[in-house]
Amino acid sequence: MNTAKDRLLKIIDEIPENEVIKILDFAEFLKEKKEKSLSEDLTKASESSLDFWNNDIDDEVWNNA
């Protein structure tokens with residue numbers, strides 16, 4: 001099977017090291033972009049769950065606890 005990863009590895013084996021560095025730089029950029037997106041999604045999810053607790057009824061109950 002000739003997957004995209006197999007094809008990429010074959011190209012990497014055939015090109016000079018200074019060109020491999022460019023591929024590595026781009027791959028690291030894509031990885032960081034994905035991690036940042038995941039982090040932003042988790043932040044949004046936690047913020048929306050905090051909104052659930054932000055209401056006058058719960059505030060009054062906790063003020064008297």
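Let's start with a patch of negative charge on the surface: Asp25, Glu28, Glu32 and Glu35 gather there. A patch here takes residues with over 30% relative accessible area and no salt bridge, with like charges joined within 9 Å. A salt bridge would be a side-chain nitrogen of Lys or Arg within 4 Å of a carboxyl oxygen of Asp or Glu.

Some ground rules. This is a predicted model, where local features need pLDDT of at least 70 and side-chain atom pairs need 80 or more, while totals for chains, interfaces and linings use all residues. Numbering starts from 1 along each chain as its sequence is written, and side-chain values use heavy atoms, leaving out hydrogens and water.

Take Glu35. It sits in helix α2, residues 17-53. Buried means under 20%, exposed over 50%, partly exposed in between, with a 1.4 Å probe and protein chains only.

Now the whole chain. It has three helices and zero strands, in the order α-α-α from the N terminus. Helices are DSSP runs of H or I, at least four residues; strands are runs of E, at least two.

The C-alpha trace spans about 70 × 30 × 15 Å along its principal axes. Buried residues make up 3% of the 65 residues. The accessible surface is about 6,400 Å², and carbon and sulfur atoms hold 59% of that. Those areas come from the Shrake-Rupley method with a 1.4 Å probe; for residues, only the protein chains shown count as cover.

Key:
Patches are made of residues with over 30% relative accessible area and no salt bridge: like charges are joined within 9 Å, nonpolar side chains (Val, Leu, Ile, Met, Phe, Trp, Tyr) within 5 Å. Lys and Arg count as positive and Asp and Glu as negative; His and the chain ends are not counted. The place of a charge is taken as NZ of Lys, CZ of Arg, CG of Asp or CD of Glu.
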